Structures are given as C-alpha cells and as structure tokens.
Amino acid sequence: MEDISEVITRIIKKRKLGEDSKKIAKTAIKHPKVQAFLAQNKERLNKEIVQASLPTIFNYVEQIESPNSVMEGYTPRLFLNGRVIDITYVPTEAKLKSEARMRAKHRIELIDLPKKLQSVELAEVDRTPDRKEALKNIAMFLAEFKKNKHIKGLYLTGDFGVGKTYILAGVANAIARQGSRVVFLHVPSFIASLGSHFQDNSLNDEIDRIASAPVLIFDDIGAETLSEWSRDDVLGVILQKRMDNVLPTFFSSNITMDGLNEHFAETRNSVDEVKARRLMERVRFLSKEVFVGGKNRRN
Ligand code: ADP
Ligand code: MG
C-alpha cells in the first residue's frame, strides 16, 4: 500500500475540500491510534476503503479527543467491516476492572459482618514485619488454591485490633476474584443469634449452607459464648462436614489454638475436655496457626 498520508492528500485535493477539512483530515490520519490501525491492517486496506471511510476516521478521532459522557466506560475502536472502516465500542480497562471487582464482591456472603469488608483488597493491607508471616502464608494458600480447592486454611491469632479481620477480608476478596464463593461469618454474633432460627426451622439449612461453602471464614472464634449445644451441634457439625470434604476454612481469633481448646472445654454449664479436644482436632486439621502482631489499629 502507498503512503497513507499521500493518499489522503490526493483525495482531499480531488474533492476540493476547504482548508479546514484538509487540516482536520491530516490531523485525524496522523493520530497515533489511526496510524496504528492502518499499519495493522495494511494488507487488507486500499485507497478506496480509506477514502470511503474518511468521515468515520474523523468521527473516531473526535470521539477519542473529546469523549461523550454517555459512552463512559466504553472506548471506540476502528475495525475493518467488509470494505469500509467502521467504529465499534469496547469496554475500557477501568470498566473491566470495576466489573471484576463487582463480581468478586457478590461472591462474598457476609454473615453478621459490616458490608465494607466486601471491598477490602489484599493489596491494600500494609506489609508490616509483624504481618509478614501471615501474608506469606496467604500468598502460598492463594497460589495453591488455584490448582486445588481442597486445602488447609489459616488460623490467624493475635491481639485485638491488629488487623486480623481486615486481612481476612482481603483474603476473601482474593479468593472471590479467583471465582469461588466465600462465606465470611462473625462467630460471636452468629452463635448469639442462633435462637432466632428455632421458629422457622431454617437452622439446619443454614448450617448445611455454611458447612458446604467452598471457602468459609470464621471471624473472631473464641469470643462467643457457647452452650454444649452450640458447640457440639452447630460449630462441631460445621467443622466436621468441612473436615470430611476438606473445604478450606479460615479463622481469626484473639486467642491461640491452645487457648481455644480451653475455651471450648468450658461451656455455660459444664467442663468437657474430651469434647473440646475433638473440636480442636477439627480446627487443627482445617487450618494452620499463624501469629499476627502489631499495634492496635482501632480508634
Ligand atoms: P482485629 O480483627 O485483629 O481485631 P481489625 O481487622 O478489626 O482487627 O482491625 C482493626 C481496625 O484497623 C479496623 O478498623 C480496620 O479497618 C483497621 N485496619 C486494620 N488493618 C488495616 C490496614 N492494613 N489498613 C487500614 N486499616 C486497617
Ligand atoms: Mg476481628
């Protein structure tokens, strides 16, 4: 193909277009995006096609230079439509990103946790030395989870306010972006609200749903007040099912696994070391204990 600028100049001369149009045509053709398109389609273009498409090319450059707000989220793109150059609209990078973010958000089901946790990005979590171990383990989990959906989760232990819930929100988001559903549940509120399920018999369904979630995050385990029933027939059942199916389960807790063992032993009405140990076996099977340090970030 001959030099495109020459062709344009000739076309313009032939049509006896005014000085302004000439200038506009030259500028439009010189636009880097138009040049890139012409170069890419060199083999398939000829001067008839370019001539017939000049108004479209002007139009295209105009849209790029002063985008219409109606088209927000979309960007025009030239394509060869048979024997004319035409404009198509494709979603912008920003739009694709925000859609991916929205889709991920909808895969996170929060139970008794604030909605803002759906939007925490793992990349936003400060990488302080106190969190290095946790973040390293999280990265390892995420890489492994891509290949295998039946792996061990993590048990983040550390003082109140160091950011465990926040970090797990980032984990939920990263998992959701991989396409998996996540149930993120605040254990103390969930246990406290169990009574409300008696009337509608929905508790077994709820337990099943939580137990079979592809990924479950138990936030603040150990801070709940347990009865024998809520320990054995609710927590125990959920953890058992997850263990049977090797479903990734995460925990955050202000107490260590050893501390949790003691907590499980003492329910409202009795002390039962054996049952507590059985429950802890499931927690240990499902997750790896990792310490998170740092200052209290609340207030
Ligand atoms: P924990 O669960 O360990 O008690 P949280 O996750 O609730 O702690 O964190 C305490 C507060 O600090 C929250 O308000 C949280 O939003 C904030 N926070 C924690 N980590 C970060 C972070 N990396 N960047 C910004 N805010 C954070
Ligand atoms: Mg917390």
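A pocket, in this predicted model, is an open set of grid points where a 1.4 Å probe fits, with protein on both sides within 12 Å along at least five of seven lines.

**Figure 1. The largest pocket has a volume of about 450 Å³.** Its lining is made of 22 residues, and Leu117, Gly163, Thr165, Tyr166 and Arg298 are the closest to its centre. Look for helix α7 (residues 164-177), which gives three residues, the largest share of the lining. Sorted by class, the lining of this pocket holds nine charged, seven nonpolar and six polar residues.

**Figure 2. Ligand 1 sits in the largest pocket.** Here we meet the 13 residues that surround ligand 1, with Gly161, Lys164, Thr165, Tyr166 and Arg298 the closest.

Figure 3. On its own, ligand 1 has 560 Å² of accessible area, and the protein covers 76% of that.

**Figure 4. The second largest pocket has a volume of about 200 Å³.** Among the residues that line this pocket are Phe37, Tyr60, Ile64, Leu78 and Val90. Helices α3 (32-40) and α4 (47-65) and strand β1 (74-81) each give two or more residues to the lining. By class, seven residues of the lining are nonpolar, two are polar and two are charged.

Definitions and conventions:
Residues are numbered from 1 along each chain as its sequence is written. Chains are lettered from A and ligands numbered from 1 in the order in which they are written. This is a predicted model: local features need pLDDT of at least 70, side-chain atom pairs count only at pLDDT 80 or more; totals for chains, interfaces and linings use all residues. Side-chain values use heavy atoms; hydrogens and water are left out. A residue is near a molecule or strand if one of its heavy atoms lies within 4 Å of it. Accessible areas come from the Shrake-Rupley method with a 1.4 Å probe; for residues, only the protein chains shown count as cover. On a 1 Å grid over the protein atoms alone, a cavity is a set of points where a 1.4 Å probe fits but cannot get out, and a pocket is an open set with protein on both sides within 12 Å along at least five of seven lines; lining residues have an atom within 4 Å of a point. A molecule sits in a cavity or pocket if more than half of its atoms lie within 2 Å of its grid points. Grid points are joined across faces, edges and corners, and a volume is the space filled by probe spheres set on the points. Helices (H or I, at least four residues) and strands (E, at least two) are DSSP runs, numbered from the N terminus. Ala, Val, Leu, Ile, Met, Phe, Trp, Tyr, Cys and Pro count as nonpolar, Asp, Glu, Lys and Arg as charged, and the others, Gly among them, as polar.
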